[in-house]
Amino acid sequence: MAAPDGSDHCRHRGFPDPADDKLERLIQAWARIHRDLLKADRHLFDVYCTATETARPLIRKHRSRMRLLIERVLDEGIATGKFDPRDREKAHAFISDAVYRFINPLTVRLDADVPQDILDQRLATMIRAILRALANGSV
């Protein structure tokens with residue numbers, strides 16, 4: 001949503017945060033938390049990976065909460081006209097598939113030796129593709 005003066009700086013002027021910004025920050029934060037934990041405590045991250053592999057109840061609960069967060073932002077984007085997906089469920093699946101490499105602890109661990117700037121560029125590219133696809137209705 002643009003500010004009354006047409007600028008794109010709604011957040012800084014007290015206007016609600018647009019859904020596309022929220023989705024971008026949510027994905028970036030989710031990916032960053034995984035990378036930070038991997039770097040800070042490899043043993044704990046390995047425990048997290050094992051729990052993910054065995055689909056422990058806590059992991060399933062976490063996935064459900066993350067799905068709910070993404071759905072809320074997606075619904076907000078649809079309601080405000082920021083997103084125009086053809087199919088809401090397919091749009092959610094597209095988001096999950098597009099960022100899987102950055103949010104799944106098993107794939108994050110596989111990329112442990114990839115330089116951070118390369119991973120950041122790849123994630124930024126995927127986020128741009130997601131936002132473009134949601135906005136133009138290609139999913």
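So, the largest pocket: 15 residues line it, and Trp30, Arg63, Tyr100, Ile103 and Asn104 are the ones nearest its centre. This is a predicted model, where local features need pLDDT of at least 70 and side-chain atom pairs count only at pLDDT 80 or more, while totals for chains, interfaces and linings use all residues. Residues are numbered from 1 along each chain as its sequence is written, and side-chain values use heavy atoms, with hydrogens and water left out.

What do I mean by a pocket? On a 1 Å grid over the protein atoms alone, a pocket is an open set of points where a 1.4 Å probe fits, with protein on both sides within 12 Å along at least five of seven lines; lining residues have an atom within 4 Å of a point. The space in this one comes to about 280 Å³, where volume is the space filled by probe spheres set on the points, and points are joined across faces, edges and corners.

Which element gives the most to that lining? That's α3, with six residues. By class, the lining has eight nonpolar, five polar and two charged residues. For the classes, Ala, Val, Leu, Ile, Met, Phe, Trp, Tyr, Cys and Pro are nonpolar, Asp, Glu, Lys and Arg are charged, and the others, Gly among them, are polar. Helices here are DSSP runs (H or I, at least four residues), numbered from the N terminus.

OK, on to helix packing. α1 and α3 pack at an angle of about 160°, with axes 8 Å apart; axes are lines fitted to C-alpha atoms over the stretch in contact, and angles run from 0 to 180 degrees between N-to-C directions. The two are therefore roughly antiparallel, a label for angles over 145 degrees, whereas under 35 is roughly parallel, 65 to 115 roughly perpendicular and the rest oblique. On the α1 side, Ala19, Lys22, Leu23, Leu26 and Trp30 meet His62, Met66, Leu69, Ile70, Val73, Glu76 and Gly77 of α3, contact meaning heavy atoms within 4.5 Å. That contact counts eight nonpolar, two polar and two charged residues.

Next pair: the axes of α3 and α4 come within 11 Å and cross at roughly 125°. That makes α3 oblique to α4. From α3 the contact takes Arg67, Ile70, Glu71, Leu74, Asp75 and Ile78, and from α4 it takes Arg88, Glu89, Ala91, His92 and Ile95. Here we have five nonpolar, one polar and five charged residues.

Last one: α1, residues 19–40, packs on α2 at about 125° with the axes 5 Å apart. So α1 is oblique to α2. His34, Leu37, Leu38 and Ala40 of α1 touch Arg42, Leu44, Phe45 and Tyr48 of α2, which split into six nonpolar, one polar and one charged.
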